[in-house]
Amino acid sequence: MYITMDVVFHEDSMYFSSESELQGEYHKEIQTLDYDYHISEEDESRQSELVNQEAGELDMSGQQFRSKDVFIEIPNQSLSVEGVLNLEPDPFMKRLPHRHNRGIPKPTYEPELSTKVKYPMSNYVYNHRLSESNKSFVNQLSTVAIPNSVQEALADPRWKATMNEEMESLQKNETWELVECPPGKKPVGCCWIYTVKYKADGSIERFKARLVAKGYTQTYGIDYTETFAPVAKIKTVRVLLSLAANLDWPLQQFDVKNAFLHGKLSEEVYMDLPPGCMVPEKQCQKVCKLKKSLYGLKQSPRAWFGRFTKSVRAFGYRQSNSDHTLFLKKQHGKITALIVYVDDMVVTGNDPEERKALQNYLSREFEMKDLGPLKYFLGIEVSQSSEGIFLSQRKYALDLLQETGMLGCQPVNTPIEEGLKLCVEPNQVSTDKGRYQRFVGRLMYLAHTRPDLAYALSVVSQYMHNPGEQHMNAIMRILRYLKNAPRKGILFAKNVDHQSIEVYTDADWAGAVDDRRSTSGYFTFVGGNLVTWKSKKQNVVARSSAEAEFRVACDIAHNPVQHDRTKHVDVDRFFIKEKLDDKIVELPKIRSEDQLANILTKAVSSQVFSKFLDKLGMYDIYAPT
């Protein structure tokens, strides 16, 4: 794939002709493709036949599967890996030219671009300070290509083997049975999702293919009812990691294999046959009647979490009231904590015997995998050393820059221009609304470890409904800032007082040009480490700067879990006064140069921005000293 901002169309030249001159980085590679465009009459006839099948009736020969539990007439075939899936790549793929480097992953962020790009990405990507194991780990994350289609997966024996493994697991679990689709019932679709699991030392543990139902086609009241299931709050994860850093607790990661398959369905759900699988011709019109929950179904998370919660509580663990995915067990003056996000869980604490007992118990209840010390969780890279625990989303940031074509952009030192005030202009130049929203969504997830992006993202997210060219330019500015330091993250250092809680709050009075509302911001430190932050426009117009800052202070004290239900200043004022009288809360005045929350309420200079990031514990530990 070739991406460029400047394109010249050669309307009079055929593809790859000697007359046309292609621009760009991969110009030579494209021109030297050894490809025979001659199509024989037999091939042409075959292509026409396939097109007719796609336009009319779907050819099920490439979309069927064999299952031991269903196909009694062919029991022997289901025992072998090849018998579970008869997976053949698309016929057209057989005519692709031979590639001499097939099987060798191409570097994701190519250093040789330094000779072609003014600001090469290789100047901003370092790993000099990493240990050998961490260096291996981060390099592995960037070298494995994930298939974008079933055909791509089938062309690679490793992915084909893991698809067979998934089908065998589904068959062993008796996830479904093949039946005729009842009249009036509409089966949900399904697709394959691919990922790579890594060991603690950074080497590849296994390739993972998962069959996922297209739950968005389900209908409420027919094939699902209740769906709510809690997931771990990223704030809870950060607090737990801060405690682990301060108290020298080990962090162990576990994975439940096919977690959702442990939940039982109470509704009647039918699903299409999995793509790329084969069944006998007489059964290709049947559908799968699900007996167990499957990834992608709306009710699957609820069914699995209910099953997991029941098992963990039976082993003596107490469910936290502030985050229902956090389970705690105290005994003999020691504590063990477990937090779960779908099928990934992290266990920490100062009771090694209990941690081992918990692992053994869960292994009996579910099929578990010990992934070793925590390295990668929710897309966050975790590096542990004698200095503490470092969190970053390096790979996510680099992938985002690559996907947006910004690897070669000129970097900047701040995510938003100093003093910039955005608004909806009467005659603004419109931009691609869907593209704008996708960019904001991708950047919002990156903000889990990047508080430096909080204010900029708070600003650009206010114009999702009607973005203009100036708003898209602000998005591009954030991406250029990422180019400057893609590996920046949060360091949870070891501090003496791990129970101290400090909050910095600030407000910019009437800063929004559109409606003159104020912007609130806060940073929360637990044990000296930054664990929560927020930048948000206030819900009502404040008539003075004092009222604006009072609202943000009340917001923190009145509702620390931030449900955004603060309505009346008077109620908050009396609440704050009560806490102040009881010495539970102190509200000291600090100087502007020490007010860290300044960068959450306004666009500051690069000097001020850089100074505050150091105080927040944001570093790029990958960069050379």
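1. Which side-chain oxygen reaches the backbone nitrogen of Arg-158 at the start of α6? In this predicted model, the oxygen belongs to Asp-156, and it comes to within 2.9 Å of that nitrogen.

2. Just after α6, Glu-174 takes a positive phi of about 55 degrees.

3. As for the chain as a whole, a reader will find 16 helices and 19 strands, and 46% of the 625 residues count as buried. Among contacts between residues at least 6 apart in sequence, 72% join residues at least 24 apart, while the accessible surface comes to about 33100 Å², with 51% of it belonging to carbon and sulfur atoms.

4. The largest nonpolar core holds 73 residues, of which Leu-443, Ile-475, Leu-479, Phe-523 and Leu-616 touch the most other members. Helix α13, residues 469-484, gives the most to this core, contributing 8 residues. Apart from this core lies another, of 32 residues, and Met-167 is among its members, as are Trp-192, Ala-209 and Met-271.

5. Leu-443 deserves a separate look: leaving aside residues up to four places away in sequence, Leu-443 touches Leu-400, Leu-457, Ile-475, Ile-478, Leu-479 and Leu-482.

Conventions
Residues are numbered from 1 along each chain as its sequence is written. This is a predicted model: local features need pLDDT of at least 70, side-chain atom pairs count only at pLDDT 80 or more; totals for chains, interfaces and linings use all residues. Side-chain values use heavy atoms; hydrogens and water are left out. Helices (H or I, at least four residues) and strands (E, at least two) are DSSP runs, numbered from the N terminus. Buried means under 20% relative accessible area, exposed over 50%, partly exposed in between (1.4 Å probe, protein chains only). Contact means heavy atoms within 4.5 Å. Accessible areas come from the Shrake-Rupley method with a 1.4 Å probe; for residues, only the protein chains shown count as cover. A polar contact is a pair of N or O atoms within 3.5 Å; within protein, one must be able to donate a hydrogen and the other to accept it, and residues adjacent in sequence count only if both atoms are side-chain atoms. A nonpolar core is a set of buried Ala, Val, Leu, Ile, Met, Phe, Trp, Tyr and Cys residues joined through side-chain atoms within 4.5 Å.
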